[in-house]
Amino acid sequence: MTVTTFIEQKFRDYFSTITKEDIIALYHGPDVDGLCSATLVAYAIRQIRGNGPDLQLWEQTNVPELSKENQKKLRNRGVNRLIVLDLSIDNAPVETLQIIQTYSTLVLDHHQTTKDINSDAVLFVKPDYFSQIPSSQYPTSKIAYDFLSTFVDLEPLRWVASMGILSDSAYRSWKSFVDEATAHFHLKEQRDIWESELGTITKLVSSALLVDPDNSPFCLELLLQASNPHEILHSQLCRYKKIIDDEITKQLEQFDTKAKHYPKIGLIFYEISPKYDVTSPVSTILSHRKVPDKTLIV
């Protein structure tokens, strides 16, 4: 049996044995890919057993460490299944790694693998184990979509998976997948994918999470309840976009005067101190539009 076949079989075993009696917690990263992968998993669990996950936990940052507060929530809720999404949990402190071993744990993640944490209690799924596509170009949302599609019809949420792909700068690798979603849901296209309606929806969700990561439960439920992506374009999320857009514009305007260029090695270093954590969108915008042929560190 190949590694890929083994992973697929273990994944099927995990989801095919989910019951209504299980107490399931989702624990995901703070960005759009983390939220979208959690949305896909929540939708699949609802389809499988009639009701969704029992607890949603999210990190305020990308540091994968179960806080004392989150540990308490897991204990108090009586969780027996833990699904970790878009967090490099293999880089977590020893205490967190020990804690996840006490649950029936599934990890879906695409960050660089530092150690294999597969065990009898933990199923650890990363692109390294089943694909030739670089992990950085295989967002967790796409992993969740691909694996869960063997259990439930996720076509209604292809646009959600596409948001995760777009947010993690993997559009070139999954262009046909995203373009099919754009066409299927009649979303307006633009030459610059970020100016398309899918790009706008992605920025709306990203803005809400950047202003306050605690908007995660609201965003997840909004995505689950939307009958189509057009509803997000006119949702309450619009109020967050201007806040973040203003902050991003401020940082972009300072790039020409504050960035440090090292032309001999094709490197640009740009240090910012924004009010909100817009480092990722600033980096994405600059690298795509301003310096696509350079290595940029923000």
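**Rings, helices and cysteines**

Ring pairs tie Phe 11, Tyr 14, Phe 15, Phe 130, Tyr 138, Phe 147, Phe 151 and Trp 174 into a cluster. Here, rings of Phe, Tyr and Trp (its six-membered ring) pair if their centres lie within 6.5 Å; planes under 30 degrees apart count as stacked, over 60 as edge-to-face and the rest as tilted. Searching the whole structure turns up 11 aromatic pairs.

Before going on, a word on what you're looking at: this is a predicted model, where local features need pLDDT of at least 70 and side-chain atom pairs count only at pLDDT 80 or more, while totals for chains, interfaces and linings use all residues. Residues are numbered from 1 along each chain as its sequence is written, and side-chain values use heavy atoms, with hydrogens and water left out.

The charged end of Arg 81 sits over the ring of Tyr 14, 4.7 Å from its centre; the test is NZ of Lys or CZ of Arg within 6 Å of the ring centre and within 35 degrees of the ring normal. Lys 142 lies over the face of Phe 177, at 4.8 Å from the ring centre.

Now for helix H6, residues 158-167. Helices here are DSSP runs (H or I, at least four residues), numbered from the N terminus. How many of the residues of H6 are buried? It's 10 of 10, with buried meaning under 20% relative accessible area, exposed over 50%, and partly exposed in between (1.4 Å probe, protein chains only). Those buried residues pack against helix H2 (32-49), helix H5 (140-148), helix H7 (175-184), H8, helix H9 (216-225) and helix H10 (230-233).

Take H8 (residues 197-211): its axis and that of H6 come within 10 Å and cross at roughly 75°. Axes are lines fitted to C-alpha atoms, for helices over the stretch in contact, and angles run from 0 to 180 degrees between N-to-C directions. That makes H6 roughly perpendicular to H8 (65 to 115 degrees). On the H6 side, the contact (heavy atoms within 4.5 Å) involves Trp 159, Ser 162, Met 163, Leu 166 and Ser 167. H8 contributes Leu 198, Gly 199, Ile 201, Thr 202 and Val 205. Just after H6, Ser 169 takes a positive phi of about 55°.

Last, the cysteines. A search of the whole structure gives 0 disulfides, a disulfide being a pair of cysteine sulfur atoms within 2.5 Å. For Cys 219, the nearest cysteine sulfur, that of Cys 36, is 9.4 Å away. Cys 219 is buried, at 1% relative accessible area. Cys 238 is partly exposed, at 33%, and its sulfur is 12 Å from the closest cysteine sulfur, in Cys 219, too far for a bond.

Notes: Helix = DSSP H or I, 4+ residues; strand = E, 2+ residues; numbered from the N terminus. Parallel < 35°, antiparallel > 145°, perpendicular 65-115°, else oblique.
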